Amino acid sequence: MTNNIVIVFDFDKTIIDCDSDNWLIDELGFTDLFNQLLPTMPWNSVMDKMMMEFHSNGITIEEIEKVLQRIPIHHRIIPAIKSAHALGCDLRIVSDANMFYIETILKHLGISEYFTEINTNPGYVNQEGRVRISPYHDFNKASHGCNNVCPPNMCKGLIIDKIQNSIFEEDSKRFIYLGDGAGDYCPSLRLRERDFVMPRKNFPVWDLICKDPSLVKAEIHGWSDGEELEQVLMNLINKIMMEEHVQFISSDCKLQTLSSPVLVSLPKAVSVRP
Ligand SMILES: [Mg+2]
Ligand SMILES: [Zn+2]
């Protein structure tokens, strides 16, 4: 079963119920060091430095994985993802976390195979057994050039453009975008009239959208927690599938009305012939 719906999820505070960087740092007891470093360099660079600190303090990859595996997630999120996938939606992730965290967590939750694509900052374990994290856009070489509230290492709006351009028959696709952060505002602005944005209520993306909702072309549907996310998402999928079904029927009817004059004229043509 497939449909024409592409669902793009943010990861932190959308799929999982906290920020993965903060979770790891707090659980490993490095909050003070993190807070000291944060004013001195971009978040993404701080995280790579934190991984070096973990490594030099003897924290192993296994320990980091164990902490990531007990990250909080609302109990309705996995059923929502499984239902959307079963209905034929194309599920993708666009996240300012990193590949190492996301792959570790999705694999642990047993939901890796439901996603077509993960767009995030590169993250991998190097030969020394240290996690390396690098920016999605290498801002040391060139700025991504976006003037919205996007961090230097990632403009999710550009990623949405890339996804839209990469999809076959993109014009017939309907996007649903879910997120909570300020970085989710830029992709919300890229969506079209027939798309949907699901901002988390009273989170930064919600506040930005509420300042001037007319700037967002897509339909806006807020959610507060995993339960509401599931309800709103399922309603939207149903709504789109119903609309597409109605369109299918109406194009069928058009064919019938087009073909009936042909049928009517046929006997006349036959009767003229002899
Ligand atoms: Mg987020
Ligand atoms: Zn941007």
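**Labels and their grounds**

Reader: Where is Asp12 found?

Author: Asp12 is found in the loop between β1 and α1 (20-28). Helices (H or I, at least four residues) and strands (E, at least two) are DSSP runs, numbered from the N terminus. This is a predicted model, where local features need pLDDT of at least 70 and side-chain atom pairs count only at pLDDT 80 or more, while totals for chains, interfaces and linings use all residues. Residues are numbered from 1 along each chain as its sequence is written, and chains are lettered from A and ligands numbered from 1 in the order in which they are written.

Reader: Why does Asp12 count as buried?

Author: A residue is buried if 20 or more other C-beta atoms, placed from the backbone, lie within 10 Å of its own, exposed if 12 or fewer, and partly exposed in between. Asp12 has 23 such neighbours, so Asp12 is buried.

Reader: What does Asp12 touch, not counting residues up to four places away in sequence?

Author: Asp12 touches Asp19, Ser20, Ser95 and Ala97. Contact means that C-beta atoms, placed from the backbone, lie within 7 Å.

Reader: Which residues does the "binding site" annotation cover?

Author: The unreviewed UniProt entry lists Asp10, Asp12 and Asp180. They are spread over 171 residues of sequence, yet their largest C-alpha distance is 8.2 Å. UniProt positions follow the numbering used here, feature names are shortened, and annotations may be inferred rather than shown by experiment.

Reader: What makes Asp180 buried?

Author: Asp180 has 22 other C-beta atoms within 10 Å, so the buried label holds. Asp180 lies in the loop between β6 and α8 (185-190). Leaving out residues up to four places away in sequence, Asp180 touches Asp10, Lys13, Thr14, Arg200, Phe203 and Val205.

Reader: Is Lys13 called buried, partly exposed or exposed, and why?

Author: Partly exposed, because Lys13 has 18 C-beta neighbours inside 10 Å. Lys13 also has a positive phi, near 60°, without being a glycine.

Reader: Asn202 has a positive phi too, about 65°. Why is Asn202 called exposed?

Author: Asn202 has 11 other C-beta atoms within 10 Å, so the exposed label applies. Its place is the loop between β7 (196-199) and α9 (204-211).

Reader: Why are α1 and α4 called oblique to each other?

Author: They pack at an angle of about 120°, with axes 10 Å apart. Axes are lines fitted to C-alpha atoms, for helices over the stretch in contact, and angles run from 0 to 180 degrees between N-to-C directions. Under 35 degrees is roughly parallel, over 145 roughly antiparallel, 65 to 115 roughly perpendicular, and the rest oblique. The pair is therefore oblique. Leu24, Glu27 and Leu28 in α1 meet Ile64, Val67 and Leu68 in α4.

Reader: How do you know that β1 and β6 pair?

Author: Two strands pair if DSSP finds at least two bridges between them. β1 (residues 5-9) and β6 (residues 174-179) have five, in the parallel sense. Val8 stands opposite Tyr177 in β6.

Reader: What makes β3 and β8 edge strands?

Author: The open sheet of six strands runs β3-β2-β1-β6-β7-β8, with parallel pairing. β3 (115-121) and β8 (219-220) each pair on one side only.

Note on methods:
Two residues are in contact if their C-beta atoms, placed from the backbone, lie within 7 Å.
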